[in-house]
Amino acid sequence: MTLSTNETGDEFGFLKDDRETIYVWWHEMNELEVAASFEAFVEVKQMEGDVIEAFCERVEANGLVFGLSAKQDEGWAYAPSHVEATDVLLFFSSRKFALACRTEEWTDYHVIELPVELFLKRWLPNVSEDELLCGLDWSSGLVGLEDDSETMLEFLE
């Protein structure tokens, strides 16, 4: 069985003979990764475009990106990636979404506002340099889309 999220071949999922392990091949990077499950692979791939588009529309409308920080400008909220061996910095398209993630260890975190220009020119390049991922509008259960900063730049510019 094979799956692809678009016609350019950017992503390609396939089942091997064991029918339990889902592999995702990223042809541009020539990397192979394992998805948590078939259902997780399909769900994430279906929502990815919608999530990024909605995130970008809200950010462009309000001119701000939101985050959570331990202090006013330190200790940005992050979580381990569900798909790669790195961390995910969390970014939100509204104050409401950021506040929804003020749970558990982030209960005392403050909402930080970043102007879009600062997000584009300073934050996203730094995320890329540090080889981190962007988590967009994650739920309070710390689940959501993880994507690289280059994809975010493409959508927002």
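Visitor: How many helices and strands does the protein have?
Guide: Four helices and ten strands. Keep in mind that this is a predicted model.
Visitor: What pattern do they follow along the sequence?
Guide: The pattern reads β-β-β-β-α-β-β-β-α-β-α-β-β-α.
Visitor: And how much of the contact count comes from residues 24 or more positions apart?
Guide: Such pairs account for 57% of the contacts with a separation of 6 or more.
Visitor: Switching to burial. What share of the residues is buried?
Guide: Of the 157 residues in the protein, 38% are buried. The protein exposes about 9300 Å². Carbon and sulfur atoms supply 50% of that area.
Visitor: Now W76. Where is W76 placed?
Guide: W76 is in the loop between β5 (64-69) and β6 (78-80).
Visitor: Is W76 buried or exposed there?
Guide: Buried. The relative accessibility of W76 is 11%, and the cut-off for buried is under 20%.
Visitor: Which residues is W76 in contact with, leaving aside neighbours within four places in sequence?
Guide: From β5 (64-69), the contacts of W76 include F66, G67, L68 and S69. W76 is also in contact with L89, L90 and F91. Further along come Y109, I112, L114 and W123.
Visitor: What does the side chain of W76 reach on L90?
Guide: The backbone oxygen of L90, at 2.9 Å.
Visitor: Last one. How are W76 and W106 separated?
Guide: Their C-alpha atoms are 10.0 Å apart. Along the chain, W76 and W106 are 30 residues apart.

How values were computed. Residues numbered from 1 in each chain as written. Predicted model: local features only at pLDDT ≥ 70, side-chain atom pairs only at ≥ 80, totals over all residues. Heavy atoms only, no water. Helix = DSSP H or I, 4+ residues; strand = E, 2+ residues; numbered from the N terminus. Buried < 20%, exposed > 50% of the residue type's maximum accessible area, 1.4 Å probe, protein only. Contact = heavy atoms within 4.5 Å. Areas by Shrake-Rupley, 256 points an atom, 1.4 Å probe, with all protein chains shown as cover. Polar contact = N/O pair within 3.5 Å; in protein donor to acceptor, adjacent residues only side chain to side chain.
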